[in-house]
Amino acid sequence: MSLALSGIGVSRGVAIGKAHIILRGTVEVLESAIPKHLIEDEVARYLKAVDCARQQLQDIRVRIPENTQVDIAAFIDTHLLMLDDATLLTTPVEIIRERGCNAEWALKLQRNAVVDVFEQMDDPYLRTRRDDIDHVINRLQRILLDYEQDDAHFEGTPLDNAIVLAYDLTPAETVLLEHQGISAFATECGGPLSHTAILARSMQIPALVGTHGLRRYIRDGETVILDGLQGILIAGPDEQILDHYRERQQLEQQRKLQMERLTDSPAITRDGMPVTLMVNIELPEDIDAVSRESANGVGLYRTEFLYMNRSEPPDEEEQYDCYVSVIEALRGKPLTIRTLDMGADKQADTINQSCSNPALGLRAVRLCLKNHSLFKPQLRAILRASAHGPVRLMVPMLSNTQELHQVLSLVNDTKNALQREAIAFSPDIKIGGMIEVPAAALSASEFASHLDFLSIGTNDLIQYTLAIDRVDDEVNYLYDPLHPAVLKLIKMTIDAGASAGVPVSMCGEMAGDPRYTRLLLGMGLTEFSMHHTALQEVKHVINASTITALVPLVQELLDNTKPGWIAARVDSLNHNSH
Ligand code: PEP
Ligand code: MG
């Protein structure tokens, strides 16, 4: 009899193989009292474990195969840095001394305290960094408890096409397993933004996380199927199921080759309309994706990530250096730097924001206009960086034209000041605004008449149009990019840009979802910015589309508001040869 378990698919692809189970689970520890005269011995035992963990990580670092595409060394370095941080080096020692307890218990208490801080973070990326903490602490606990045999799984034994099932895997272990020949993995823990999940996508290994109970229900050596797109793990499949997935595997393989072949070709519709495809970046390291995917540039640089995880905001000089390094890496391709969009789900310790309703409170441009000491260094840094290459400055969350005029006047003041100081900048720097609030979409013509470009931020536009908090799981089911009101606002913005001769792009998640590409093309959108992993898929759809056929079909679709009708029509747009 076959059994299907569901998990979160974090890396697409289908694998069929034998289950290789790594039994290691969470480490259970108990508190024991240490007599006063043995406390320093316990401290020494703990510090020896830290040394041993450091040595293990350095050994793994050396064993990373040379042709590894992903910078796995950077992940291991993060873990090494944690071992040298007071959080793990000093605080557990203080706990052992103050509480008179064993090292394992002190480490567990410290883990709970640190994880509590991470859990309170609203940013999902930062929240998943707790996985790194757990990986390092579990390593230390296993050393303290003498569970060294667990590492035997990663010592190079060939695991030809095995599907690894584990409670959790660190990024370092994942890369070692890949080089041992595994075809896929599933874990019980982890989230889609964990480093292990990011690695799986980069290495193109099908993977699931959050697959509860997998080690309880599946036997070592039994045949399993893992579907990374649907998030399913099937044990004991019969011939019919196997045939179905073998076919899926072949289709996936063809799709992969098709996408690879596309990388160097331009995005152009069948009837000859060129489309601009840009990437969204969050950290300067993300910039490599622009050349790897042959993107036209960066359509959204979320600068707020520069302000997170630190005690002081970055000063003008640091920002300038950072922006210049990104511009240089882009070698002439445009960089759209979005001014600080802090607030709501993105918080920084350095900026004190206490709003009763964060998504509607003092966030993004509102915060910057209230706090010039935060905004001005960024404007100066962006303007100075504009002397080094094609930079566009983009303002998030505009909701009225007064805000826009205040920003434009601050930009002018900054230009004048730089001129007086004889500091170079590009006087023609393009200034654009994000359309993410319904009020801005409804006034898009007014915004277009004062700006050089508009960019539609659908993540927020949908949140504010439908009155649903985008980070609240309870109302996620209402998050609907195809809601007729959302589509009307998008269309209004695109049309306003076209009438004013101002380019309009889209940089929300909707732009990177191939299910909406034809709809957006038919609405007149010709500039998309997205996560780099979506770029070839979107290009594939563009290159198979005919704008002249799409425009009337989409117009008809927009005129209809019957529930379910729009989704059905979008589906048919995608499945017919338009
Ligand atoms: C958006 O709102 O669509 C957007 C791109 O901005 P962010 O997701 O950073 O809020
Ligand atoms: Mg936004």
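This report describes strands, a metal site and side-chain contacts in a predicted model.

Residues are numbered from 1 along each chain as its sequence is written, and chains are lettered from A and ligands numbered from 1 in the order in which they are written. Local features need pLDDT of at least 70, side-chain atom pairs count only at pLDDT 80 or more, and totals for chains, interfaces and linings use all residues, while side-chain values use heavy atoms, with hydrogens and water left out.

Helices (H or I, at least four residues) and strands (E, at least two) are DSSP runs, numbered from the N terminus. Two strands pair if DSSP finds at least two bridges between them.

Eight strands make up an open sheet with mixed pairing, in the order β1-β8-β7-β3-β4-β5-β6-β2. Its edge strands, each pairing on one side only, are β1 (3-6) and β2 (8-11). On average, neighbouring strands of this sheet are turned by 30 degrees against each other, direction ignored. Axes here are lines fitted to C-alpha atoms, for helices over the stretch in contact, and angles run from 0 to 180 degrees between N-to-C directions.

Within the sheet, β3 (residues 14-22) and β4 (residues 163-166) run parallel and are joined by four bridges. Ile 21 has Leu 165 as its bridge partner in β4. Helix α11 (residues 239-262) lies across β3, β7 (223-227) and β8 (232-235), and runs at about 110 degrees to β3. Contact means heavy atoms within 4.5 Å.

## Strands β13, β14 and β15

Strand β14 pairs with β13 in the parallel sense over four bridges. Gly 432 has Phe 453 as its bridge partner in β14. Three bridges join β14 to strand β15 (residues 504-506), and these two also run parallel. There, the bridge partner of Ser 455 is Ser 505.

In a regular strand the side chains alternate between the two faces of the sheet. In β14 (residues 453-456), Phe 453 and Ser 455 point one way, Leu 454 and Ile 456 point the other way, and all are buried. Buried means under 20% relative accessible area, exposed over 50%, and partly exposed in between (1.4 Å probe, protein chains only).

## The magnesium site

The magnesium ion (ligand 2) is coordinated by Glu 436 (OE) and Asp 460 (OD), at 2.0 to 2.1 Å. These two residues link distant parts of the chain, 24 residues apart: Glu 436 is in the loop between β13 (430-435) and α17 (438-442), and Asp 460 is in helix α19 (residues 458-466). Donors are N, O and S atoms within 2.8 Å of the metal (3.2 Å for Na, K and Ca); water is not among the atoms, so sites may look incomplete.

Glu 436 is buried, with a relative accessible area of 2%. Asp 460 also counts as buried, at 2% relative accessibility.

## Salt bridges

A salt bridge is a side-chain nitrogen of Lys or Arg within 4 Å of a carboxyl oxygen of Asp or Glu. The whole structure has 30 of them. Asp 460 belongs to a network of salt bridges that also links Glu 304, Arg 338, Asp 341 and Arg 363.

The table gives examples of pairs.

| Pair | N to O distance |
|---|---|
| Glu 537 and Arg 12 | 3.4 Å |
| Glu 173 and Arg 142 | 3.9 Å |
| Arg 380 and Glu 421 | 2.9 Å |

Glu 537 in helix α22 (residues 535-543) and Arg 12 in the loop between β2 and β3 are 525 residues apart. Glu 537 counts as buried, at 19% relative accessibility, whereas Arg 12 counts as partly exposed, at 32%.

Glu 173 in helix α8 (residues 171-179) and Arg 142 in helix α7 (residues 130-144) are 31 residues apart. Both Glu 173 and Arg 142 are buried.

Arg 380 belongs to helix α15 (residues 372-385), and Glu 421, 41 residues apart from Arg 380, to the loop between α16 (401-420) and β13. Arg 380 counts as buried, at 16% relative accessibility, but Glu 421 counts as partly exposed, at 41%.

## Two further residues

Gln 56 is found in helix α1 (residues 39-63) and counts as buried, at 13% relative accessibility. A polar contact of 2.6 Å joins its side chain to that of Arg 139. A polar contact is a pair of N or O atoms within 3.5 Å; within protein, one must be able to donate a hydrogen and the other to accept it, and residues adjacent in sequence count only if both atoms are side-chain atoms.

Asp 571 is found in helix α24 (residues 565-575) and counts as partly exposed, at 43% relative accessibility. The C-alpha atoms of Asp 571 and Ser 294 are separated by 29 Å, and these residues are 277 residues apart along the chain.
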